[in-house]
Amino acid sequence: MEFQVLAEFVRILKIGGNSGIEAALLQYLSIMIQNVENEHAIYYCFSNGYINSVISHHYEFDGGDLIPYYVSFLRTVSGKIGRDTICLLVKVHQDTAISLPLYDEALKFANHGEKMIQIAVRALTLNIYSVADEMVYQFLTTPTASAYFSSLILNLKNKCLHVDAIINGVKESFHEKKRELLSETDRILDDFYYLKDILCIPEQRLNKLVTENIVNMLILPMLLTLLNNRLSNDTGLSAITCLYVLCRLLQVFDGTNLVNVIGSAVLFSFMPPNVTDAAESVVSARLEQVNGLAVCYQEGEEMVDLQHEGAENFMMNYVLKHSLEFTELSSCFDSSPLENSENEWGGIFSCIFSRNHSLMLGSLMLLFTVADSKDLHYQLAAKIGFSQVKTASEMIGSTVAGHIQKIVNQLLKVLASEPPLSVPILLHAAWFLRKLLVFLDQKLEDNDCHLFKTSYEGSCGRLYEEFDRCWFDYIPDVLKSEWANCKTALEESSQSKDPFFLLELASIQNPPSGSMAFLLLSSFLLLFIFLLFYLCCLLLKSIVLPPASFLFNISGNTGPAFDWQRMVDCVKVFVLHLQLKPFIFGGDPFDNPLANLKNSYLAQSGKRYPSDLSLASFGSEVALGSGIPCKIAFSGAGTRDIYVIPIAREISGKLLLVERHPLHSRKGVVIAIAPLAGLDPKIDEEHPTWLLVHLRDFEPRLRSDETKTLDSHTSLPEQGRWILGFLSAKDCKAAFSVILEETRKQRSFVENLVAPVLEEKLFK
């Protein structure tokens with residue numbers, strides 16, 4: 001104060017004109033203000049307009065280097081203001097705030113591309129909202145200043161449109177598309193949490209302003225899209241993205257009345273659409289008399305006979321229009337857009353029975369999220385019918401209880417679909433089904449039980465088929481791991497379940513038209529070239545014809561990695577059925593039928609046998625007694641004389657390649673190991689002494705230390721296959737037979753181990 005330091009800083013700014021000097025000055029000011037603790041010193045800093053002069057100075061931000069220093073300075077100032085000092089930064093005209101430079105200048109960087117600058121600006125605004133006085137709040141709610149909130153919602157909608165663009169865009173892979181979706185949805189979540197922080201500030205005018213923008217600009221357009229059974233709204237936002245955003249909004253905005261706005265709309269969509277014109281005129285006449293959701297119900301009950309046909313529909317329309325007295329909901333529904341005369345049930349309920357599985361699951365997700373919200377009005381919760389706070393008997397007597405059976409039937413049809421739907425769809429359908437069955441305190445109809453039985457038997461049959469494929473030896477391990485994974489997934493609550501799966505399913509189900517056209521064109525070209533080549537071969541008769549199976553391998557869905565994922569998917573679907581079974585046919589839902597499998601497996605694997613070749617690892621010395629001599633060519637190492645020893649012991653099966661020990665003629669050293677499962681040995685037709693065996697090109701890291709795995713130093717001469725050359729065709733056939741026999745023994749053990757689980761009866 002004595003040396004007029006702040007005035008000197010302002011003078012330097014005016015004559016400097018150099019971004020380097022300005023950056024250093026802003027940094028020094030930030031450090032000084034940050035360390036000021038004396039209340040009188042803070043008053044001095046903020047008085048006389050010095051800070052406003054620094055804030056309002058014309059800076060050249062084109063280079064971008066100055067922006068972080070400037071925004072950091074603004075944030076530091078906002079951290080020191082309080083209710084008694086914020087007035088020092090306000091520009092007033094005739095007792096009315098006309099400007100707040102700290103706020104106005106900060107908002108210019110609200111949409112800056114740098115994440116840290118966005119965070120700093122939002123922290124600054126929250127600081128101002130928290131300490132604003134009456135005059136400042138009047139300024140913040142003026143049309144000019146409040147435009148920030150509408151622009152915030154518009155930017156949020158643009159991010160939602162970008163999500164749609166990603167879903168329908170052309171990407172090289174689904175993983176690339178998923179990565180972009182995760183990034184964009186994270187930005188949407190950031191906006192939601194910022195808006196929630198604003199609503200947590202105890203200021204009614206601010207809450208009203210923000211809520212009006214959220215409801216009128218975001219929620220209502222999305223609800224109208226869904227309740228009108230449209231795949232997209234006037235802004236081009238798809239129904240799937242609407243469902244995702246609404247679910248996320250409900251999960252984030254707890255403690256607010258927004259859930260009752262959405263809940264009213266969702267519930268209304270369940271009511272038969274036959275509201276009369278007279279009822280709507282009554283609603284319109286009473287608009288100004290409503291004050292709160294409870295009053296809406298009380299007045300609605302007085303206006304209509306609840307026994308009269310269409311009364312429930314009237315009640316929900318009435319509540320929806322008056323859920324928030326400060327939002328203009330009535331103008332959006334004056335033309336009764338929710339009515340759908342073509343369907344018996346409209347709105348969300350129609351979406352639940354959509355043939356689009358993403359739309360069906362998304363609608364259920366929204367319904368469950370509303371029902372599980374702790375802020376849902378108790379009367380709305382009672383109408384929805386499967387809220388956590390209701391008992392089973394209350395649920396059966398609710399308005400929509402009869403329709404829960406229809407939803408259950410729809411989900412069972414999804415599980416029993418032929419050909420089977422994708423595993424993600426089945427997993428999420430099972431989650432919804434389990435949730436409904438918990439509250440359904442009555443037996444399912446025979447048709448529903450038959451659907452589940454058909455689906456269960458189909459999952460068993462597909463799992464049985466995996467015993468004849470290359471990953472059968474991992475089935476017990478995958479059963480145990482998937483039991484825990486599925487249990488965790490099915491028991492997840494609605495509030496914690498991430499609705500991101502809706503966007504994933506939409507990306508899978510809706511491939512872009514451009515890429516589909518390219519794929520079809522490529523397939524036709526390949527088919528044409530193959531047929532032309534095939535015709536030339538028939539004419540010349542001198543070229544060996546390619547196998548007809550070539551036609552069916554164009555898709556590339558072959559190989560150990562694809563086979564592994566198919567096996568895991570089969571196990572997952574089977575486990576889902578196991579965990580749903582107690583809720584349909586009765587039984588202990590906490591009972592784990594795989595517990596006996598685990599105990600049996602550990603008991604067997606704990607045995608040890610003398611000279612057990614199944615324990616051999618890379619570099620081990622083993623006896624050559626049962627080995628069959630042959631040759632194999634290693635890349636870069638030439639041809640080597642080896643012995644082939646296939647060995648199966650319980651769940652473990654290996655093919656050992658053993659080289660004779662230089663000092664012990666009856667012993668050898670293991671130089672390579674391959675799993676028996678998936679070898680698929682074949683004798684070459686043109687070379688009867690050659691035996692071809694196929695190798696799994698990767699080993700999943702699934703088994704724990706207590707189970708037997710291949711040694712980490714396993715050496716494979718050639719990834720993909722081995723060609724073993726024997727001394728005679730007789731030796732080749734002998735090796736072929738013994739490999740098949742050992743593989744059969746291993747498969748038989750695994751089948752017997754898993755059989756009690758697969759053969760478990762549905763009815764007990």
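**View 1. Helices H9 and H11 cross in this predicted model.** H9 covers residues 143–168 and H11 covers residues 204–227. Their axes come within 10 Å and cross at roughly 30°. Angles under 35 degrees count as roughly parallel, and H9 and H11 are therefore roughly parallel to each other. The crossing of H9 past H11 is right-handed. H9 contributes Ser146, Phe149, Ser150, Ile153, Leu154, Leu156, Lys157 and Cys160 to the contact. From H11 come Leu206, Leu209, Val210, Asn213, Ile214, Met217, Leu218 and Met222. Twelve residues of this contact are nonpolar, three are polar and one is charged.

**View 2. Strand E7 pairs with E3 and with E6.** E7 spans residues 667–675. The strand is mostly covered, with seven of its nine residues buried. Strand E3, residues 621–623, runs antiparallel to E7 and is joined to it by three bridges. Here Glu621 stands opposite Val669 of E7. Strand E6, residues 652–660, also pairs with E7 in the antiparallel sense, over seven bridges. Leu657 has Ala672 in E7 as its bridge partner.

**View 3. Ser494 is buried in a loop between two helices.** Ser494 has 0% relative accessibility and so counts as buried. Leaving out residues up to four places away in sequence, Ser494 touches Gln251, Met365, Phe368, Thr369, Asp372, Trp431 and Lys435.

**View 4. A cis peptide bond leads from Glu418 to Pro419.** Omega is near -5° for this bond. Pro419 sits in the loop between helix H22 (401–415) and helix H23 (423–439). Lys435, one of the residues touched by Ser494, falls within the range of H23.

**View 5. Gln94 and Asp95 have positive phi values.** Gln94 lies in the loop between strand E1 (91–93) and strand E2 (96–99). Asp95 is found in the loop between E1 and E2 as well. Phi is near 55° for Gln94, a residue other than glycine. Asp95 is not a glycine either, yet its phi is about 60°. Residues over 50% relative accessible area count as exposed. Gln94, at 67% relative accessibility, therefore counts as exposed. Asp95 reaches 69% relative accessibility, so this residue counts as exposed too.

Terms used
Residues numbered from 1 in each chain as written. Predicted model: local features only at pLDDT ≥ 70, side-chain atom pairs only at ≥ 80, totals over all residues. Heavy atoms only, no water. Axes fitted to C-alpha atoms, helices over the stretch in contact; angles between N-to-C directions. Helix = DSSP H or I, 4+ residues; strand = E, 2+ residues; numbered from the N terminus. Parallel < 35°, antiparallel > 145°, perpendicular 65-115°, else oblique. Left-handed = near helix turned anticlockwise from the far one by under 90°. Contact = heavy atoms within 4.5 Å. Nonpolar A, V, L, I, M, F, W, Y, C, P; charged D, E, K, R; others polar. Buried < 20%, exposed > 50% of the residue type's maximum accessible area, 1.4 Å probe, protein only. Pairing = 2+ DSSP bridges.
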